[in-house]
Amino acid sequence: MIVILAFLTTISFKAEDILIGLFYGINIQSVVFSAVEGEYILSGNGRQIAAIRKGTMFHIEWTSSGLAVRDTLQSYGIYNNLEFKGISGVNVFQVKPVFPSLPPKESDDVLSISLFNDALRLINQLSLEKYVPGTVEAEGGTSSPLEYYKAQAVIARTFAIKNFHRHSHEGFNLCDGVHCQTFNGKSRMNAQIYAATQSTKDEILVDRNGEPVITAYHANCGGITSRASVEWNRELPYLVPVKDPFCNNSSHRNWSKNLSIMEWNAYLENKGYFAGSGNLYSQTESGRQKYLDRENKKLLLTEMRGNLKLMSSFFYVESGSDSVTIHGHGYGHGLGLCQDGAMEMAGMGYTYVDILMFYFRNLLLAKYSIK
Ligand SMILES: [Zn+2]
Ligand SMILES: [Zn+2]
């Protein structure tokens with residue numbers, strides 16, 4: 001495959017570090033902080049209150065008068081804000097919510113804790129290039145080929161830059177949940193993820209105007225990717241249908257779901273249809289449709305997907321005597337990169353540039369520079 005790779009040098013972006021809201025949306029009352037690698041300095045309300053050596057644990061708890069801080073030996077008082085700052089070459093901390101009890105997250109560099117309503121707000125400050133591997137591991141799996149990880153690293157970095165101000169009103173850039181990109185902390189499972197991040201350093205996907213784009217991806221496209229206007233109601237020239245021969249052998253490729261005639265009719269009646277008829281629609285040539293379009297009513301297939309908990313909105317319905325079968329393809333919204341296909345392409349020897357240019361059309365790969 002011939003790919004024209006254009007590196008623009010004019011994209012500038014004003015931050016080297018990124019602020020991630022950890023355990024976002026969860027009402028955290030208390031946590032334990034520990035230094036995993038390197039030495040940390042703890043400051044309270046801007047003043048240094050302790051030096052923390054590797055392995056030392058600090059307990060932080062919300063109280064009505066502020067954040068109560070203690071280690072195993074003593075109490076350090078009450079503060080409005082705390083900062084754990086790594087001062088060694090490599091600094092890794094772990095933070096574990098105690099109430100409610102949640103699995104810990106390990107990450108690099110700085111952790112700030114402040115009060116937010118009746119809970120703790122935890123913000124991790126780290127370089128963008130240290131953030132990318134964690135989100136690649138969370139979103140892209142732990143045992144894939146290197147070129148696939150490179151494609152995911154470009155996608156994760158582009159997302160971060162495009163959405164850099166998504167949570168600015170809350171004092172950070174991105175949250176760690178599915179609302180932004182899942183970040184379970186530092187990547188630990190596969191060293192290839194770091195290699196992939198490093199070798200694509202600063203690279204993002206942009207449109208012809210140099211604007212970072214929406215780097216959508218999904219588990220499996222079912223044989224053809226979707227169009228932005230089908231899933232989201234607006235056209236984007238780079239999210240258009242691509243016939244994908246690479247994801248054929250995946251378990252997500254084909255699926256089916258049976259509903260009794262009673263369940264199916266009840267569903268249709270609830271949506272305003274006259275129930276009890278035969279095939280409700282069949283596939284068009286392209287294989288993807290936007291609506292169930294009958295009786296002068298249009299029902300979005302994405303809505304049906306949500307209501308009936310289907311793996312994708314790429315399906316057709318076949319009726320039998322006492323049940324209907326929904327035959328579907330793929331898993332996810334079907335826009336942009338198909339992860340199963342991308343993994344297969346990487347395994348066959350395609351490069352990450354081949355992969356990105358196959359699934360996203362009319363785009364350029366650019367390097368952003370930090371101002
Ligand atoms: Zn978010
Ligand atoms: Zn696919």
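User: In this model, which residues of helix α1 are buried?

Analyst: In this predicted model, a residue is called buried if 20 or more other C-beta atoms lie within 10 Å of its own. By that criterion, the buried residues of α1 are Leu 128, Tyr 131, Val 132, Pro 133, Gly 134, Thr 135, Val 136, Glu 137 and Gly 140.

User: How should I read such a pattern along a helix, and what covers the buried residues of α1?

Analyst: An α-helix has 3.6 residues a turn, so residues three or four places apart point the same way. In the present case, the cover over the buried residues of α1 includes the strands β2 (17-22) and β13 (119-127), together with the helices α2 (146-162) and α3 (191-199).

User: How many residues does α1 have, what does it span, and what follows it?

Analyst: Helix α1 covers residues 128-140, which makes 13 residues, and the 17 Å from its first C-alpha to its last is close to the 18 Å expected at 1.5 Å a residue. Just after the helix, Gly 141 adopts a positive phi of about 85°.

User: Which residues have the most contacts inside the largest nonpolar core?

Analyst: A nonpolar core is a set of buried residues of the nonpolar types, joined through C-beta atoms within 7 Å. The largest one here has 80 residues, and Ala 342, Ile 355 and Leu 356 are those with the most contacts inside it. Helix α2 gives the most to this core, with 10 residues. Leaving aside residues up to four places away in sequence, Leu 356 touches Ala 151, Val 154, Leu 205 and Leu 365. Another core, of 6 residues, lies apart from the largest one and includes Trp 264, Phe 314, Phe 315 and Val 324.

User: Turning to the strands, in which sense do β6 and β7 pair, parallel or antiparallel?

Analyst: Strand β6 (residues 57-63) pairs with strand β7 (residues 66-70) in the antiparallel sense, over 5 bridges, and a hairpin of 2 residues joins them. One of the bridge pairs sets Thr 63 against Gly 66 in β7. Strand β7 also runs antiparallel to β8 (residues 75-79), to which 4 bridges join it, and the hairpin between these two passes through 4 residues.

User: How many helices and strands does the chain have, and what share of its residues is buried?

Analyst: The secondary structure comes to 8 helices and 24 strands, while buried residues make up 40% of the 371 residues in the chain. Taken along the principal axes, its C-alpha atoms fill a box of roughly 75 × 50 × 35 Å. Among contacts between residues at least 6 apart in sequence, 68% join residues at least 24 apart.

Definitions and conventions: Residues are numbered from 1 along each chain as its sequence is written. Chains are lettered from A and ligands numbered from 1 in the order in which they are written. This is a predicted model: local features need pLDDT of at least 70, side-chain atom pairs count only at pLDDT 80 or more; totals for chains, interfaces and linings use all residues. Two strands pair if DSSP finds at least two bridges between them. The expected span of a helix is 1.5 Å times one less than its number of residues. A residue is buried if 20 or more other C-beta atoms lie within 10 Å of its own, exposed if 12 or fewer, and partly exposed in between; C-beta atoms are placed from the backbone. Two residues are in contact if their C-beta atoms, placed from the backbone, lie within 7 Å.
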